Amino acid sequence: MLELGGKAAGTGGASEALIKDVTEATFMADVIDASHEVPVIVDFWATWCGPCKTLGPMLEQAVTAAGGKVRMAKVDVDRNQTIAAQLRIQSIPTVYAFYQGQPVDGFQGALPGSEVQAFVDRVAAIAGDGGLAEAVAAAEELLAEGAAVEAAQTFAAILGEDPKNAPAYAGLARAHLALGEIDQAEQFLQAVQPEIARAPEIEAARAQVALARQAAEAGPVADLRAAVDHDPDNHQARFELAKALHAGGEVEAAVDELLELFRRDREWNDGAAKAQLFTIFDALKPQDPIVLKGRRKLSSMIFA
């Protein structure tokens, strides 16, 4: 389980090597025993094996990138023939993954880099995430309760364990928003790693930043409502009214105004009503009733 400010249990200390040359004397400790903590990938190779010289570095790179979620043991079959015989290694390269003392996955022969990465990712996922999902849920609960500072600290601790954790990354951005730090949230999202830049959680946080920017500039609801009532075809006033309603927490009312604007003139201001609707939808959870209802009404108008 994650300990804030520390390391996730089971990942081991920084001094423990992720990649080791293993012999018959150390196989039990470095593979079987170690696999009770995290999965261990065993690469059976030999100096004369051409494909081994390509596969080995790719495995090492992927294991290193996994950041402690998986370890690697390298076994020279010429020097450790007993192990090779016991595991019935008939050709090399052969790769086995061990977890909880048992082989759980493996392959023979050289693979392209993408398949090697997929194999390592699959093995790393066997042991779960060390409690990070539970920590994200706890941070979300803190944020929902208004404890934004504590939530931010928890999200930051999770990112210390897993810098590519999209829910935690987005959560920290939203914690900045809750603290009124729109610039910091935006800058943080601009620096997101490419691997998670298009994750749904990141896209939702971006939408929330955009809406927060609008909220800071929203006009008085009463004045905008009066302008729309006076002239229902005042599209700019209706658009600003929708933004003001959203800024005041009246999300469904804002969606209704945008749907009405779209009904009256879907092409107004280069389709601004539709774009704003999608921004609101992206900022909410996909199964939110407002999203489901709004998307259904919008679709019925588009395809009418």
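**Strand pairing and salt bridges, tested against their cut-offs**

Tutor: Opposite Thr-94 in S4 stands Phe-44. This is a predicted model, in which local features need pLDDT of at least 70 (the predictor's confidence in each residue, from 0 to 100), side-chain atom pairs count only at pLDDT 80 or more, and totals for chains, interfaces and linings use all residues. Residues are numbered from 1 along each chain as its sequence is written, and side-chain values use heavy atoms, without hydrogens or water.

Student: What makes S2 and S4 a pair?

Tutor: Strands are DSSP runs of E, at least two residues, and helices are runs of H or I, at least four, numbered from the N terminus. Two strands pair if DSSP finds at least two bridges between them. S2 (residues 40–45) and S4 have five, in the antiparallel sense.

Student: How many bridges join S4 to S5?

Tutor: Six, and S4 and S5 (residues 102–108) run antiparallel. Asp-105 in S5 is the bridge partner of Ala-97. Two residues lie between the strands of this hairpin, where Gln-100 takes a positive phi near 55°.

Student: Why is S4 called mostly covered?

Tutor: Buried means under 20% relative accessible area, exposed over 50%, partly exposed in between (1.4 Å probe, protein chains only). S4 (residues 94–99) has five of its six residues buried.

Student: What makes Arg-206 and Glu-203 a salt bridge?

Tutor: The test is a side-chain nitrogen of Lys or Arg within 4 Å of a carboxyl oxygen of Asp or Glu. Here the closest N and O atoms are 3.3 Å apart, so the pair passes. The two residues are three apart in helix H9 (residues 200–216), about one helical turn.

Student: Why is Arg-206 called partly exposed?

Tutor: Because its relative accessibility is 26%, which falls in the in-between class.

Student: Which parts does the Arg-225 and Glu-257 pair tie together?

Tutor: Their side chains meet at 2.8 Å, N to O. Arg-225 lies in helix H10 (residues 221–230) and Glu-257 in helix H12 (residues 251–264), so the pair ties together parts 32 residues apart in sequence.

Student: Is Glu-257 buried or exposed?

Tutor: Buried, at a relative accessible area of 10%. Arg-225 has 30% and is partly exposed.

Student: Why does Arg-263 count as exposed?

Tutor: Because it has 51% relative accessibility, over the exposed cut-off. Arg-263 forms a salt bridge with Glu-260, at 2.7 Å between the closest N and O atoms.
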